[in-house]
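Have the sequence and the 3D view open as you read.

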Amino acid sequence: MANIKCNGNIESIDVLVKRDLIVDGNGTIQSHKIITEYSKASNFIKFENGIMICWGIVNTSKSNVVSLPQAYKDATYQVVGTYNVKTGAWESVCITSQTNTGFVVSSGETNNSYSCRYLTIGYWK
């Protein structure tokens, strides 16, 4: 959690936030760059501290390989996914074969196609 004490100038700031800010000798913020890269069209956001979030929708049946819009540093990112069958119910999916560039998503559906929504979070650097 970031703790900043301020009366026009920064009096104190914790280490996690200070890493993304350029602060002069008087404690005044000169500039900051927290977001490194963002693409709404490609469904990802990269933060200067190395965290990246990717999201998307895959229309499939049975199982499908999901290619992420940007590669993670390694395969230790987290994935959350749900799917919607024609009944309108949202159910959880099974994530397997995870690499730094994608994963396989599958569900218990055998007869219907479904839309899978996913969200990933991990480190890109």
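A residue counts as buried when its relative accessible area is under 20%. Keep in mind that this is a predicted model. There are two aromatic pairs to find here, and a pair of rings is described by the distance of the centres and the angle of the planes.

**The stacked pair**
- Tyr72 and Tyr77 have ring centres 4.4 Å apart and planes at 15°, so this pair is stacked.
- Tyr72 has 3% relative accessibility, so it counts as buried.
- Tyr77 is buried as well, with its relative accessibility at 3%.

**The edge-to-face pair**
- Phe103 and Tyr118 make an edge-to-face pair, with 80° between the planes and 5.5 Å from centre to centre.
- Phe103 belongs to strand β12 (residues 102–106) and Tyr118 to strand β13 (residues 113–123), so the pair ties together parts that are 15 residues apart in sequence.
- Phe103 counts as buried because its relative accessibility is 2%.
- Tyr118 is buried too, at a relative accessible area of 8%.

**Around Trp124 and Phe47**
- Lys46 lies over the face of Trp124, 4.6 Å from the ring centre.
- Phe47 sits in strand β6 (residues 44–47).
- Leaving aside neighbours within four places in sequence, Phe47 is in contact with Ile34, Ile35, Thr36, Ile53 and that Trp124.
- Phe47 and Thr36 are 11 residues apart along the chain, and 5.2 Å separates their C-alpha atoms.

Technical notes: Residues are numbered from 1 along each chain as its sequence is written. This is a predicted model: local features need pLDDT of at least 70, side-chain atom pairs count only at pLDDT 80 or more; totals for chains, interfaces and linings use all residues. Side-chain values use heavy atoms; hydrogens and water are left out. Rings of Phe, Tyr and Trp (its six-membered ring) pair if their centres lie within 6.5 Å; planes under 30 degrees apart count as stacked, over 60 as edge-to-face and the rest as tilted. Buried means under 20% relative accessible area, exposed over 50%, partly exposed in between (1.4 Å probe, protein chains only). Helices (H or I, at least four residues) and strands (E, at least two) are DSSP runs, numbered from the N terminus. A charge sits over a ring if NZ of Lys or CZ of Arg is within 6 Å of the ring centre and within 35 degrees of the ring normal. Contact means heavy atoms within 4.5 Å.
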